Amino acid sequence: MTQGGSVVFKMVDAEVHKNDWHFVIVITVSFLTLFFNASLSYASGVLHVALLETYHADVDVTVWLGSLFFSMSCLAGPLASFIINVTDCRTCVVISGVLGLVGFSANLFVDDIKWLFITYALLAGVGTSLAHTGAIVVLGYHFSDNMSLACGIVVCGMAVGLFAHPPLCQFLIDTFGLHQAFLIVGAIAFHSCVCGMLMKPTRFERERRAKVFSGRPTRLTLVKTLCGDCSGYAKVFRNKSFLFFLMCSCTFGMGSSAIYLYLPDFLRKQGISLQAASFSVATSGVGGVVSRVLTGFAAQDPNIGSGLIFASLNGLMGVLSFLIPLFTSTSATVCVYGFFLGLYTGSSWALFNPITYEILGMDHVATGFGAVMGSCGFGFLIGPPLAGYVFQISKVYYGVYIFAGVMFFSCALCGLLSTAFRHSRRTCHDTADALNPNEVEIINQQESEPRDTSLMG
């Protein structure tokens, strides 16, 4: 973390702790934002089948449509970080609710699947990304020592959505049809606007926004802010630890997307019923809830560190990918595999933001997290096609899981390298601005002041 960012964060954190209930509201609305909006991307599989049955389009076109919608939930992370840097997290989340409502509801009037690339994949997909980024970045402005625990609790909203949204969407499609189901799903996404309005901007966000719009015309302001945002990306990309972490997020996206996409069909070809295969994916949501909370607690221990936990769990996920043939004998073992799948992959989502904050500090956390999500989304986009290419070469489905295992091991290796560079003082602070004597005096004064930094007040 940069020392300049430490000064700003101490100022923000002191403001937050004036109200003991403030952290409860922030965690609750962030959790609900992920549940109502961002986790809708996990229903893409159910919607994919309904799109095939409704529009009777080419399979490749429908596959790309679903892939773009799912990957857009991360690919638009840089756009979300730009909105946050210009305004605040509240504005970002409110915009996500509006985009979700428009993007999903507009499908009620669409008769040609090509238009869904605009309404469904682009508008609704960007909406899920803004909701995800805004709900996670806001935690960086409100928590310091307990950010890992706060993120662990909040990202459970994604795990609960993984468990709830696919069967809910299937029920809506069976009851009302695809077009009416899209309308209801849009209304569900619109609930994130209420959550966003409860995300009160911190003093840091208010002062940054006032500085951005300080008397300049709006067009000039946006151009200058965009240039500043590009400059921010140039700074964070000079950080070696962060570059390795970007590789982590990309390889993680490639491995996890390949597993989740091909798992039901792989199990079906091994003699497992489609119902049991679907239930294994649902049990991964249960494992995800458990892992997110436990990882948040474990990352609080300074003797372990979030980077080591991240690398270790992804290494275990690589081993689990290689051992999948051992779990395909019965429906019970398939569910056990699904639970461990959620247990090991879900932990990474709880650590993305805390690790980004540890590497870059609060000054660049929004920019950094947007880059991490963009890298992960790129992995989501190219992972399944590459896994399919491996399947075509090897002629066996197990090749897909060899590919996924290699990606998880690559993620673990890059995570260890990122941690090693992060512990280097020169690399860790290579994006820091030099402190003047006044800032040093502020740090010394605030370090000597007793302050309660526990999550529970």
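Biologist: Which residues does Thr133 touch, not counting residues up to four places away in sequence?

Modeller: Contact means heavy atoms within 4.5 Å. By that rule, Thr133 touches Gly77, Ala80, Ser81, Ile84, Phe369 and Met373. This is a predicted model: local features need pLDDT of at least 70, side-chain atom pairs count only at pLDDT 80 or more, and totals for chains, interfaces and linings use all residues. Residues are numbered from 1 along each chain as its sequence is written, and side-chain values use heavy atoms, with hydrogens and water left out.

Biologist: Is Thr133 buried or exposed?

Modeller: Buried means under 20% relative accessible area, exposed over 50%, partly exposed in between (1.4 Å probe, protein chains only). Thr133 counts as buried because its relative accessibility is 0%. Thr133 lies in helix H7, residues 116–140. Helices are DSSP runs (H or I, at least four residues), numbered from the N terminus.

Biologist: How many disulfides are there?

Modeller: A disulfide is a pair of cysteine sulfur atoms within 2.5 Å. The count here is 0. Cys250 is in none; its nearest cysteine sulfur, that of Cys376, is 8.2 Å away.

Biologist: Which residues touch the most other members of the largest nonpolar core?

Modeller: A nonpolar core is a set of buried Ala, Val, Leu, Ile, Met, Phe, Trp, Tyr and Cys residues joined through side-chain atoms within 4.5 Å. The largest has 93 residues, and Tyr141, Tyr337, Phe352 and Tyr401 touch the most other members. A second, separate core has 24 residues, including Val110 and Leu178.

Methods
Helices (H or I, at least four residues) and strands (E, at least two) are DSSP runs, numbered from the N terminus.
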